[in-house]
Amino acid sequence: MVNLYRLALLLCQLCAVATAFSSPSVRMTRASRTGIFATEQEETTAAVEETGERDELIARRIVVEGDVQGGYYRSCVLNEAGRFRRLVGTMSPPDDSKVAEIYVEGKRHLVEGFVRWCEKGAKKIGLSQVVTVNSVVNEEPTGLYDEFYVKTK
């Protein structure tokens, strides 16, 4: 059984080597010691994971402008930040202005993904509201929140 496993592993490595040599855009990475080849994007991801930066705790303050006081947009922010990405933080309470502030803390790759989600705007998210990101500010995590909080009207 062990010999079959080693044979299968060897075949996978040979296929990876053959694929790598057939494509000029593929480069060897640190993982080449094991016979695995990756693209530049996979290499960057692997380097970040090796240094532990991917799981580093960070915080961002995102200022959004537009139709942000409606309950539907706020529910979408709550779902995306709190439920899907398991981030902690808060969104400023609704008022009469068209500006809201979102504070999030969490692992680097999850927070950066949430910021990208916010920057996509309402069209790409599937909302009818028009929302734009005014600013994204790096902050030190406070550790004050245990989940993501959003108030609706």
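I shall take the ring pairs in turn, and then the cluster. Please bear in mind that this is a predicted model.

How many aromatic pairs does the structure hold? There are three. Let me begin with the pair formed by Tyr 103 and Tyr 145, whose rings lie 5.9 Å apart, centre to centre, with 45 degrees between the planes. That geometry is classed as tilted, because stacked pairs require planes under 30 degrees apart and edge-to-face pairs over 60.

Where do these two tyrosines sit along the chain? Tyr 103 belongs to strand S5, residues 99-107, whereas Tyr 145 is found in the loop that runs between strand S6 (131-139) and strand S7 (148-150). The pair therefore ties together parts that are 42 residues apart in sequence. As for accessibility, Tyr 103 is buried, at 3% relative accessibility, while Tyr 145 is partly exposed, with a relative accessible area of 28%.

I turn now to Phe 114 and Trp 117. Their ring centres are 5.7 Å apart and their planes meet at 20 degrees, so this pair is stacked. Both residues lie in helix H4, residues 108-125, and because they are three residues apart, about one helical turn separates them. Are they buried or exposed? Phe 114 is buried, its relative accessible area being 0%, and Trp 117 also counts as buried, at 9%.

Finally, the cluster. Tyr 149 joins Tyr 103 and Tyr 145 here, the three being linked through ring pairs.

Thank you for your attention.

Note on methods: Residues are numbered from 1 along each chain as its sequence is written. This is a predicted model: local features need pLDDT of at least 70, side-chain atom pairs count only at pLDDT 80 or more; totals for chains, interfaces and linings use all residues. Side-chain values use heavy atoms; hydrogens and water are left out. Rings of Phe, Tyr and Trp (its six-membered ring) pair if their centres lie within 6.5 Å; planes under 30 degrees apart count as stacked, over 60 as edge-to-face and the rest as tilted. Helices (H or I, at least four residues) and strands (E, at least two) are DSSP runs, numbered from the N terminus. Buried means under 20% relative accessible area, exposed over 50%, partly exposed in between (1.4 Å probe, protein chains only).
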